[in-house]
Amino acid sequence: MSQSPTPPDAVDAIAAQWNAVRPDLSTDAMEVFGRIFRLSRAMTDRLGQAHAAFGIGTGEFDVIGTLRRSGAPYALSPRELTATLMLTTGGMTGRLDKLERAGLVTRSPDPNDRRGLRITLTPEGLDLADRMIGSNIDVYGGVLATLTPEEAAALNALLRRLLASAGN
C-alpha cells in the first residue's frame with residue numbers, strides 16, 4: 001500500500017518556532033513525544049465518546065474491563081483494583097459507587113479476609129464489558145488502519161521499547 005505524504009501538523013509548527021529562536025537545539029525528541037501526547041489525548045477523547053454511548057465513563061469502563069479480564073469469577077478486592085488502575089482509594093470508591101448503583105458490580109464480604117470486600121461483575125456488567133471492549137478495539141483499529149500491518153507491528157515494538165526505557 002503506497003502512502004501519500006502526511007501534511008505538516010501542529011507539532012511541525014511548534015518545532016519550527018523553536019528552531020527559529022533556538023537553532024542550536026534539536027527538536028526531534030520533542031516532536032516524537034509531542035505527537036505521542038497529542039495522539040493519546042485524541043484517543044482518550046474518542047474512547048470517551050464511545051464509552052458515553054454505553055452510558056458510563058472511561059474510568060468506570062476501566063473497572064469493569066479489569067474485572068472482566070481477570071477471568072471467572074470476575075472478582076477482585078478493592079485493593080487489587082486500585083493497584084491495577086493506579087487510583088487512590090477515594091477515586092476507586094467513587095467509581096464503585098456508580099457501578100454498583102448501575103447494577104454492573106456487587107460488593108460482598110471477602111470469604112478469605114473478614115475485613116475485606118470482593119467486587120464482582122454482575123451478568124449485566126459482564127455483558128457491558130464485552131460489548132465495550134469490542135467498541136474500544138474498533139476505535140483503535142480505525143486509527144491504526146492508516147498503517148500497514150507491518151508498520152503497526154513496528155510501531156508497537158518501538159513503543160514497547162520506549163516504555164521499557166522509561167521504566168514502565
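First, a rule for the rings. Rings of Phe, Tyr and Trp pair if their centres lie within 6.5 Å, and for Trp the six-membered ring is used. Keep in mind that this is a predicted model.

By that rule, the count comes to 1 aromatic pair. Which rings are they? The partners are Phe-33 and Phe-37, with centres 6.4 Å apart. Their planes sit at 40°. Planes under 30 degrees apart would be stacked, and over 60 edge-to-face. So this pair is tilted.

Where do they sit? Both are in helix H2, residues 28–52. They are 4 residues apart, so about one helical turn separates them. Now accessibility. Phe-33 is partly exposed, at 37% relative accessible area. Phe-37 is at 56%, and that counts as exposed.

On to the strands. S3 pairs with S2, residues 105–110, in the antiparallel sense. How many bridges? There are 6 between S2 and S3. Asp-110 has Asp-113 in S3 as its bridge partner. The two strands form a hairpin, with 2 residues between them.

S3 also pairs with S1, residues 75–76. That pairing is antiparallel too, over 2 bridges. Leu-76 stands opposite Ile-119 in S3.

Last stop, Thr-122. This residue lies in the loop between strand S3, 113–121, and helix H6, 123–144. Buried or exposed? Thr-122 is buried, because its relative accessible area is 11% and the cut-off is under 20%. What does Thr-122 touch, leaving aside neighbours within four places in sequence? Its contacts are Gly-103, Leu-104, Val-105 and Thr-106.

That's my tour. Over to you.

Notes. Residues are numbered from 1 along each chain as its sequence is written. This is a predicted model: local features need pLDDT of at least 70, side-chain atom pairs count only at pLDDT 80 or more; totals for chains, interfaces and linings use all residues. Side-chain values use heavy atoms; hydrogens and water are left out. Buried means under 20% relative accessible area, exposed over 50%, partly exposed in between (1.4 Å probe, protein chains only). Contact means heavy atoms within 4.5 Å. Two strands pair if DSSP finds at least two bridges between them.
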